[in-house]
Amino acid sequence: MREFTLTDMERLGAFDEAERTFQMTEEAFRSFYELTARQVRVYLARMTGDARLADDLLQEAYYRFLRSRMMFENDDHRRRYLYRIATNLVHDHRRRPRVEMPVELKPELHPAFSDPGVAERAARRIDLQRAMGRLKPRERTMLWLAYALGWSHDEIAASIGVKTGSLKPMLHRARHRLAGLLRSGGRS
Amino acid sequence: MTRNECIHEPFVVEAVLAGQWPEQANEVLVAHADECEVCREVAVLTTLIHDDHERSRFEVQVPAAGQVWWRSAIRARLESTQTAMRPMSWMHAVTAAITAGVLLALVTAAWPMLAPIGHLIWNVVLGYFPNPEVAAALAGGLRQMAVLGVLAVAVLLAAPLALYYVLSGD
């Protein structure tokens with residue numbers, strides 16, 4: 001495969017072309033990105049359990065979003081579509097054997113852990129992440145979309161590609177499993 | 001048998017996500033959640049997940065919007081360049097196949113004309129060397145050299161073409 005490189009002139013031309021190829025202007029993208037990037041990055045990190053992979057997938061998700069030919073009704077529709085891209089990207093990486101503890105939340109590395117209240121809350125978060133890591137990828141996705149982002153059953157069903165009627169028992173099972181894992185301290 | 005769902009579940013989730021649970025939430029709803037197993041579980045888990053989400057949002061570092069835009073623009077440019085080059089690669093492959101076919105057809109067509117050359121060599125050698133054994137040995141050698149010469153010409157023609165396709169193709 002031939003490797004392509006870009007000259008400075010071509011690089012400048014890339015921006016003109018991007019304006020034509022992408023589905024929004026740079027200015028519109030900046031405001032949309034500011035609204036969504038952190039949430040999507042957290043979602044990706046929780047779904048993959050890998051901070052570096054989450055960074056890569058974040059870039060990939062926005063790239064695919066920019067190149068999409070979708071006509072969006074509003075910002076909510078746009079946001080849901082971005083999450084659908086992110087969900088698909090995560091599912092493409094499903095083969096990874098297990099979810100690891102995100103580095104930035106290990107107690108010994110986090111300065112806020114000297115405060116007992118903060119430490120307790122952080123310990124709960126670590127328990128949650130550990131328990132989430134033991135769930136199936138689809139269960140993690142459903143629970144996050146439902147209880148972190150507050151999506152409706154219809155929206156979650158559309159995002160993961162199941163019928164709304166099938167989603168309810170699936171969500172119930174996932175929730176029950178997570179509660180069980182939390183009670184047992186993350187052990188299945 | 002435990003219930004799978006409760007009609008109040010979305011209201012509990014909404015109250016937790018709005019940061020109203022339990023102090024500022026509807027008292028009737030909070031009282032219901034104390035009694036309802038489903039809503040109680042939903043309230044606990046939503047509080048945990050929402051708390052994790054909110055805190056992570058502030059802790060997490062994301063690249064600047066301009067950086068993501070710039071990388072995407074560069075990648076789009078590279079991909080469109082590759083897409084534009086794809087028909088050229090197809091053209092190269094088609095041209096190579098046609099050239100090989102034409103060369104093969106030429107060799108096949110020219111083969112009957114090469115046979116008299118063998119007789120010509122034999123006659124010429126016989127004219128110079130009347131001894132049939134010496135003439136036969138010489139004619140055999142010359143015939144082999146003629147075949148090698150044809151092969152060398154073919155290689156000389158094909159090598160630059162092959163080199164061109166190897167270095168230019170993807």
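Me: Among contacts in chain B between residues at least 6 apart in sequence, what percentage join residues at least 24 apart?
Reply: The model is predicted; local features need pLDDT of at least 70, side-chain atom pairs count only at pLDDT 80 or more, and totals for chains, interfaces and linings use all residues. Residues are numbered from 1 along each chain as its sequence is written, while chains are lettered from A and ligands numbered from 1 in the order in which they are written. A contact requires the C-beta atoms of two residues, placed from the backbone, to lie within 7 Å. Among contacts in chain B between residues at least 6 apart in sequence, the share joining residues at least 24 apart is 58%.

Me: Which pattern does chain B follow along the sequence?
Reply: Helices (H or I, at least four residues) and strands (E, at least two) are DSSP runs, numbered from the N terminus. Chain B has 5 helices and 0 strands. Read along the sequence, its pattern is α-α-α-α-α.

Me: Which helix gives the largest share of the side of chain B that touches chain A?
Reply: The contact takes 34 residues from chain B and 42 residues from chain A. On the chain B side, α1 (9-17), α3 (37-59) and α4 (65-128) each supply at least two residues. The largest share, 14 residues, comes from α4(B).

Me: How are α2(A) and α6(A) oriented to each other, roughly parallel or roughly antiparallel?
Reply: Helix α2 (residues 26-48) and helix α6 (residues 137-147) of chain A pack at about 150 degrees, with their axes 9 Å apart. Axes are lines fitted to C-alpha atoms, for helices over the stretch in contact, and angles run from 0 to 180 degrees between N-to-C directions. Angles under 35 degrees count as roughly parallel, over 145 as roughly antiparallel, 65 to 115 as roughly perpendicular and the rest as oblique. The two helices are therefore roughly antiparallel.

Me: Is A:Trp144 buried or exposed?
Reply: A:Trp144 lies in helix α6 of chain A. Leaving aside neighbours within four places in sequence, A:Trp144 is in contact with A:Tyr43, A:Arg46, A:Met47, A:Leu149 and B:Ile49. A residue is buried if 20 or more other C-beta atoms, placed from the backbone, lie within 10 Å of its own, exposed if 12 or fewer, and partly exposed in between. With 22 other C-beta atoms within 10 Å, A:Trp144 is buried.

Me: How far apart in space are A:Trp144 and A:Met47?
Reply: In sequence, A:Trp144 and A:Met47 are 97 residues apart. In space, their separation from C-alpha to C-alpha is 8.6 Å.
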